[in-house]
Amino acid sequence: MTAPTTAHRSLRRRARRQSTLQALPWLAPALILIGGVVVYPVGYMIYTSFRDLTRFGTDKGWAGFDNYARVLELEHLPKVAMNTVIWVVGVVMLSIGLGLVLAQFLNKRFPGRKVLRMVIIVPWAASVVMTSTVFVYGLDPFYGIINRALVDLGLLDEPFGFLKSPVPGFLSAMAVAVFVSIPFTTFVFLAGLQAVPHDVLEAAQIDGAGRVQTYWRVVFPMLRGAVVVATIINVINVFNNLPILKTMTGAIPGYDADTTTSLMFKIIQADRQIDTASALSVLNFVVVVVVIGIYLRVVRPMRED
Amino acid sequence: MKRVIKAVAVAAVAALGLAACGDDSGGSGSEGGTTELELLVPIYGDLTKPYWEDLVEAFHKENSDIKVTLETQSWDEIYTVLTTKIQNNRAPDILELDAAGPAYAAEDLLYKAEEIVSPETLADIEKSFVDSALIDGVAYGLPTVASTRALFYNKDLFTQAGVTAPPKTWDELLDAAKKISALGGGVHGYGMPLGSEEAQAETSIFAYGAGGTWESDGKMTIDTPEAKEALTFMKKMIDEGVTQPNPGATDRTPLLDVFIQGKIGMIQGLPPIVGQINEKNPDLQWEIAPSPTKDGSPSTLGVADYFVGFDKGEDKQEAIAKFLDFFYQQDNYVKFNDNEQFIPATKSGAEAASAKPELKIFLESLPDAKFYPATNPAWAETSGAFKSLVGQIETKPVDEVLSQIQAKADATG
C-alpha cells in the first residue's frame, strides 16, 4: 500500500471533522440529555463527596478525603461489604442459572407457549417497590397470606417473622431479587437460543451427539455473548438495588441486613450526612466499574473463535 | 423504579436549575407587583393535600398580588428534599416541619416568628407552644399542630383477661400485658413498635416516663441511668413475651392495624388513630388512658409542628405574614386540625377542640408532656440513630445499644 500524501491526509481529516460538525445538531438532544441526566449528577456527586456539608445542606468548604475516611472507619463496613458480595453473587448466579433453564423450556414448542412467555414478564413489568411490598404483606406474621398458607399446609407450626430478623430477612429479600431478575435474564437467553442456527444442531445430531453433549458443546458456547450481557446488566442492577432491601428489611435494626447501597441510604436518612453518603456512592461506583472490568477481562466476550 | 424516575427528575430539575441560576439572584420576587411564595408542607394524611390546595386557592382570590406555589412531601422524604433544596439555595419561603424547622435558625436562615405573622395572630397562639422550640431564647417557629401520646387499650381483651383498670405504672403495665398475652390465640399484651419508622417515639415515652431527658446543657445525653432503666424495662417486656414478636423490626403503622383488628391489648398512639379506628373497625371496643410511667406520675411524649419562614434576603416577610394570618383565621385553622385530628395551638382553636370528648385525655396530658430536644442540631442524627439502632435491645445488651446511640449523637454534636 502506498502512503497517502500529507495534503491528501489533511483533506480527509478536514472532511471527517466537517461531517462530525454536521452530525452535531442531530446528536445535540441526546448529548444534552446525557449531560444533564448522567454526567452532571455524577460530577456533582463526586464534587459533594469532597465537600463538608452540614445536615442542613449548607456547604462548609473543602473536606479533602475526610468523607472517605469516615466511610472506611465505619465499624459495620466489613459486615456490610460481605453482605453485598453475598447479595450480588447469590442473586446473579441464581438468576442466570434459573434463567438458562427457563429459556431452554420456553424455546420448546408447546401449546400455550406464547401466554406463558408473557406471564413470565409480569414480575419485570411490575414496579419493584410494588412487588416487594406484596411480599412484605404476604410474609407478615399477623395477616400475611404466605405465612397463613405455610401454616395451613403444615409446613410451619405458627407464623414466622420472615422479615423480622437479619438472616431470614436478607434471604427473603434475595429470593425476591431473583424473582424480579429472572424475566430479563430469561429473555436475553431466549433471544440467544433463537440465534443458534438450526443446521448446526442438525450437524451435531448427525455426528451422534447426545442431548447433554449438544447443549454443553454446541448451544452453550453460542450463548456466551448472552451470558455476558445478562451477567453485566444483572450485576449492575442487583448491586444498585435499593427498593427491595428498603421495603423488605428496612425496619430491621442495626446493619446486619444491609448492602452498601442500602447503607448509603441509611447514612442519608438516619445520619443526615449527604457528604459521607456521596463518598460511599463514589466508592460503590468504582467497585462496580472494577468488577465489570475484571469480568470482561476474564471472559473476553469480544474474542472471536 | 419510582425512585429511579424521581432521581432522574431531580437530576433534570437540578440541571435546569443550574442554568436558571444566573437570572434568579435578582429581584425575581416582586416582578410586576406580584410576590411569589413557595410553600412546602408535609403530608399527614389523605386530607392534607386537598386542604392546602383549597386554602391556597381561597388565598389567591383575596390576594391577587401574591402567588403561592404549593409543594407537599411525605414525612419520609421531606427532610431529604429540604436538604437538597437548601444545598442548591432554593429553600422554600414557608415551611411546615417538626422542631427541626426552627432549628434552621442556628444557620441564620430564618425570619423571626414575630416578623412573619401579625401581632394579633401571635397573641392568639398558646405561648407554651411557641416557647417549646426557642433557639437561644428567640422564637422562630409558629406552632401549627400539637399532640401528645396516650395509651389506647382494647376493652374486650381487658375484660377477658380480668384486667379491671388501665395500668398507671410500669409494674401494672407488665402485669396487664402478661394477663392479656396469656389469652393466647394470636393475642399480644402490648404493642411495641421499635422498627425504623418511629422507634425514637416509643423509646422516648418510656425514658420520659422514668424521668429521663435526652438533652442537658446543649449536649445529647442518651446513655443515662434513666434511659438505661427504661430500656431495661422494655427489654424485660420483650423477654417475658408480653409484646408482639420481634418488636425490634416492627413498624408503627402496620402494628396499629393489628391493634385495630383487636389482636393487641395496649399500644401508644396519637389522636388521629381515633379516626382510623372509626373508619377501619368501628366495632372495636377501645378506650384511651394516659401513658403508664415508672411510678405513675404523669408524663408522656409531646410533639408539635411549626411554620417557619426562610429569609433569603428578598424581603418577603409581609407576603408571608399575609398568608400565615390567613391560615390562622379561626375557620381555616380549625378545619386544618379537624382534618388531621390534632390539638390546635391557638387559644381560639383550643376552645373548639375541647368540645370533642376523644381529645380530652390528650388535652389533659399536654401540661406534663415533654418534647423532643429537636432544636438541638444533633437531635436529627440522634433520632436517626434511635430509629436504626434501638430495636437491637431485642438481642443485644441495653448498655451496648445505648452507648452505640450515644456515640452517633456525639459524632455530630
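Helices (H or I, at least four residues) and strands (E, at least two) are DSSP runs, numbered from the N terminus. Keep that in mind as we tour this predicted model, where local features need pLDDT of at least 70, side-chain atom pairs count only at pLDDT 80 or more, and totals for chains, interfaces and linings use all residues. Residues are numbered from 1 along each chain as its sequence is written, chains are lettered from A and ligands numbered from 1 in the order in which they are written, and side-chain values use heavy atoms, with hydrogens and water left out.

**Surface patches on chain A**

- Patches are made of residues with over 30% relative accessible area and no salt bridge, joining like charges within 9 Å and nonpolar side chains (Val, Leu, Ile, Met, Phe, Trp, Tyr) within 5 Å.
- Arg17(A) sits in helix H1 (residues 6-49) of chain A, and it counts as exposed because its relative accessibility is 54% (buried means under 20% relative accessible area, exposed over 50%, partly exposed in between, with a 1.4 Å probe and protein chains only).
- There's a nonpolar surface patch too: Met82(A), Val85(A), Ile86(A), Val89(A) and Met93(A), with about 470 Å² of accessible area together (areas come from the Shrake-Rupley method with a 1.4 Å probe; for residues, only the protein chains shown count as cover).
- Met82(A) belongs to helix H3 (residues 77-107) of chain A and is partly exposed, at 49% relative accessible area.

**A buried residue in chain A**

- Thr186(A) is part of helix H7 (residues 166-194) of chain A, and with a relative accessible area of 0% it is buried.
- Leaving out residues up to four places away in sequence, Thr186(A) touches Gly99(A), Leu102(A), Ala103(A) and Leu106(A) (contact means heavy atoms within 4.5 Å).

**Salt bridges**

- A salt bridge is a side-chain nitrogen of Lys or Arg within 4 Å of a carboxyl oxygen of Asp or Glu, and the count over all chains is 19.
- Asp257(B) pairs up with Lys280(B), their closest N and O atoms being 2.9 Å apart.
- Asp257(B) lies in helix H10 (residues 252-260) of chain B and Lys280(B) in helix H11 (residues 272-280) of chain B, so this pair ties together parts that are 23 residues apart in sequence.
- Lys316(B) and Glu314(B) form a salt bridge as well (3.3 Å, N to O).
- Lys316(B) is buried at 7% relative accessibility, whereas Glu314(B) is partly exposed at 30%.
- Salt bridges with shared partners join Asp93(B), Lys312(B), Glu314(B) and Lys316(B) into one network.
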